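Reader: I would like a close look at one part of this model, with the terms spelled out as you go. Please take your time over it.

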Amino acid sequence: MVAHEMEHVFRKLDKLSLLIRPKHAEVEHSVETLKDLALRIGSMFDDPIIDPILQNQYMFDIAYHYSEDINRSLEILNTSLGKPQTDIDILKYIIYYTTRLLQYDSIRDPSALRKWQDYRKILRSKLGQITKPGEELYRVIKENGYDTPKKQRQIFNKIADIYTINGVKLGNLLELLNL
C-alpha cells in the first residue's frame, strides 16, 4: 500500500496526473487489463485510508486535487471517451466512482463538496448505469468496512461474484487466467 501511495507522490512531484494509468494499450480481457482493474480496486481500498492521514498530519490539500480531477473528468465526460463501451470499462467506471465516494467522505472543504455534489448530479444523469451500482458498492463497503486485508478480500470476492465481463463472472475469469 505504501509503495502505491508513494507512486502518487512521485507523480505529483514530477507534475504528472495523480491518477496511475498503465503505459500499455489495453486489450479487452487481457491480463494487463485485469492488472489495471486490480490497481483500481487497490486504490479504492487504499486511497480513502491514506488520504485523511495525508490531509490531517501532513496538511496535504486533498480537496484541491480531487477538484482538479473533477475538472478533467468533466472534460472527458463530454467526449466519446467518457462513455464506457465494454463490460470492463463499465466496471472500471464503477470502481472509479466508488473510490471517489469513499474519498469524499474525508473532505471537509465546503466548496469542494459542492463541486462534488454537482458532479454527482451530472454523472447520475449521464451515466446512471455507473452511479447506481457504484453507490450500491459504496454501501456494501461502508457496511462491511475496508480497513483490514480480510475485509478488503471479502469485498473483492463480492465484486468478483457480482460483476460479469461478456457474461462471464469476474471471479470465473480470474480463475481461468490463474490470477
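Is the crossing of H4 and H6 left-handed or right-handed? Please set that helix pair in the context of the helices around it.

Author: This is a predicted model, in which local features need pLDDT of at least 70 and side-chain atom pairs count only at pLDDT 80 or more, while totals for chains, interfaces and linings use all residues. Residues are numbered from 1 along each chain as its sequence is written, and side-chain values use heavy atoms, with hydrogens and water left out.

The crossing of H4 and H6 is right-handed; a crossing has that name if the near helix is turned clockwise from the far one by less than a right angle, and it is left-handed if the turn is anticlockwise. Helices here are DSSP runs of H or I with at least four residues, strands are runs of E with at least two, and both are numbered from the N terminus. Two packed helices are described by the angle between their axes and the distance between the axes. For helix H4 (residues 87-104) and helix H6 (residues 128-144), the angle is about 50° and the axes are 8 Å apart, where axes are lines fitted to C-alpha atoms, for helices over the stretch in contact, and angles run from 0 to 180 degrees between N-to-C directions. H4 is therefore oblique to H6, given that angles under 35 degrees count as roughly parallel, over 145 as roughly antiparallel, 65 to 115 as roughly perpendicular and the rest as oblique.

On the H4 side, the contact (heavy atoms within 4.5 Å) is made by Ile-90, Tyr-93, Ile-94, Ile-95, Tyr-97, Thr-98, Leu-101 and Leu-102. On the H6 side, the residues taking part include Ile-130, Pro-133, Leu-137, Tyr-138 and Ile-141, along with Glu-135 and Lys-142. Sorted by class, the contact of H4 with H6 holds twelve nonpolar, four polar and two charged residues; Ala, Val, Leu, Ile, Met, Phe, Trp, Tyr, Cys and Pro count as nonpolar, Asp, Glu, Lys and Arg as charged, and the others, Gly among them, as polar.

H6 also meets helix H5 (residues 110-126), whose axis comes within 5 Å of that of H6 and crosses it at roughly 115°. Here Arg-120, Leu-123, Arg-124 and Lys-126 of H5 touch Gly-128, Gln-129, Thr-131 and Glu-135 of H6, and the contact divides into one nonpolar, three polar and four charged residues.

Tyr-66, Ser-67, Asp-69, Ile-70 and Ser-73 of H3 are in contact with Tyr-96, Arg-100, Gln-103 and Tyr-104 of H4, a set with four nonpolar, three polar and two charged residues.

Within H3, Ile-62 is buried because its relative accessibility is 3%, where buried means under 20% relative accessible area, exposed over 50% and partly exposed in between, using a 1.4 Å probe and protein chains only. Apart from neighbours within four places in sequence, Ile-62 is in contact with Asp-51, Leu-54, Gln-55 and Ile-107. Its C-alpha atom is separated by 9.1 Å from that of Gln-103, 41 residues away along the chain. Glu-68, also in H3, is partly exposed at 29%.

Leaving out residues up to four places away, Thr-164 touches Asp-87, Lys-169 and Leu-170, and at 36% relative accessibility Thr-164 counts as partly exposed.

As for the whole, the protein chain has eight helices and two strands, in the order α-α-α-α-α-α-α-β-β-α along the sequence. Of its 179 residues, 41% count as buried. Among the contacts with a separation of 6 or more, 68% are between residues 24 or more positions apart.
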